Amino acid sequence: ESQFFLVLVGRVKVAGAVGTLFSMVGAGQVFGEVGAFGISKRRTASASTWDQGYVSCLRFTGAVVRAAVNEFPLDRDKLAQIWKRTEVKNRSTELERREWIKTTAIPALAQTPLLGGCPPSFFHSLSVLLQEQLYKSNSEIVKCGDKLEHMILLVAGAAQMRTRVGDDIGMMRKGSMFGEINALGLFNYSMAT
C-alpha cells in the first residue's frame, strides 16, 4: 500500500536511481504523492534525510489517500496533471545524469592512476555516488587547512595549487585528482589550496 509524506521539520532529498537529485523537500512540502494517488505504479525516486539534522514527517497511508481521491475526483485530476509534468522533468534529468555518468564520470575515473584497472561495474557504482560541481574561473575549490573528507577529480579545466602562504606548487589539469588521502580517512584537512 503506497504512502506519501508531508515534511514538518528539516529537509528530504528526493533522488533518482543513479543519484540524480530531483529536489530538496522542505517543511510544508510533500513527497511520494505520485505513487500514493495511483498516478504511477512504481516508485521512480528514493527519499532520504538531509545531513543537517533531524527530519519529521506526517505519513499518509493509501487508505487515507483513496478516501480523499474518492471525495474530490476533480482535484485529483488537476494534481495528476501537475505530477505528470514533474515526472517528465525528472525522467529527462535522470537521462541527462545517466549520459554524464557514461560519457564523463566513468571515462575520467578509468584514466586515474589510483583507480585504473578496476572493472567497469566498479566505475559505474562509484559514478552513481559522484556529485558534479562547477567552479567559476579564479574561484577556490578548497582552501589549505579546510576540512576535506572527499576526493576531487578534475574532469575539465585546470586548477592552480598553492601552499598555505600562497606559493604556487603545481597545476592540476583534466584527469588530476586530489583529496584521495582525505577520502580514505587518513587526513581530515586539505594540504593545499
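**Close-up views of a predicted model**

View 1. You'll find Gly 170 in strand β9. Strands here are DSSP runs of E with at least two residues, while helices are runs of H or I with at least four residues, and both are numbered from the N terminus. Gly 170 and Ala 159 are eleven residues apart in sequence, and their C-alpha atoms are 8.6 Å apart in space.

A quick word on what you're looking at: this is a predicted model, where local features need pLDDT of at least 70 and side-chain atom pairs count only at pLDDT 80 or more, though totals for chains, interfaces and linings use all residues. Residues are numbered from 1 along each chain as its sequence is written, and side-chain values use heavy atoms, with hydrogens and water left out.

View 2. A pocket is found on a 1 Å grid over the protein atoms alone, as an open set of points where a 1.4 Å probe fits, with protein on both sides within 12 Å along at least five of seven lines; lining residues have an atom within 4 Å of a point. The lining runs to 49 residues, and Ile 141, Ile 152, Leu 153, Leu 154 and Phe 178 lie nearest the centre. Elements that each supply at least two lining residues include α3 (73-110), α4 (120-129) and β9 (168-173). The top contributor is β8, with five residues. Sorted by class, the lining has 31 nonpolar, twelve polar and six charged residues. Here Ala, Val, Leu, Ile, Met, Phe, Trp, Tyr, Cys and Pro count as nonpolar, Asp, Glu, Lys and Arg as charged, and the others, Gly among them, as polar.

**View 3. An open sheet built from β3, β2 and β5.** These three strands line up in the order β3-β2-β5, with antiparallel pairing. β3 (21-25) and β5 (46-49) stand at the edges with a single partner strand each, so one side of each has no neighbour in the sheet. From one strand to the next, the twist averages 25°; axes are lines fitted to C-alpha atoms, and angles run from 0 to 180 degrees between N-to-C directions. Two strands pair if DSSP finds at least two bridges between them. β2 (residues 12-15) and β5 share four bridges. Looking across to β5, Val 14 has Ala 47 as its bridge partner, and Lys 13 has Ser 48.

**View 4. The β2-β3 hairpin.** β2 and β3 pair antiparallel over four bridges, with Ala 15 standing opposite Leu 21 in β3. Five residues lie between the two strands of this hairpin, and Gly 19 in the turn has a positive phi of about 85°. Back in strand β2 is Val 14, which counts as buried at 11% relative accessibility.

**View 5. Another open sheet: β4, β1 and β6.** Three strands follow the order β4-β1-β6, again with antiparallel pairing. At the edges are β4 (30-31) and β6 (56-60), each with a single partner strand, so one side of each is left without a neighbour in the sheet. Two bridges join β1 (residues 4-9) to β4, and Leu 6 has Val 30 in β4 as its bridge partner.

View 6. In α2 (residues 62-71), the buried residues are Gly 62, Val 65 and Val 69. Seen down the axis of α2, they fall within an arc of 60°, so they line one face of the helix; the arc is that of the directions from the helix axis to the C-beta atoms. The face turned away carries exposed Asn 70 and Glu 71. In α4, Phe 123, Ser 127 and Val 128 are buried. Their arc is 135° seen down the axis of α4, so they too line one face of the helix. On the other side of α4, Ser 121 and Leu 129 are exposed.

Definitions and conventions:
Buried < 20%, exposed > 50% of the residue type's maximum accessible area, 1.4 Å probe, protein only.
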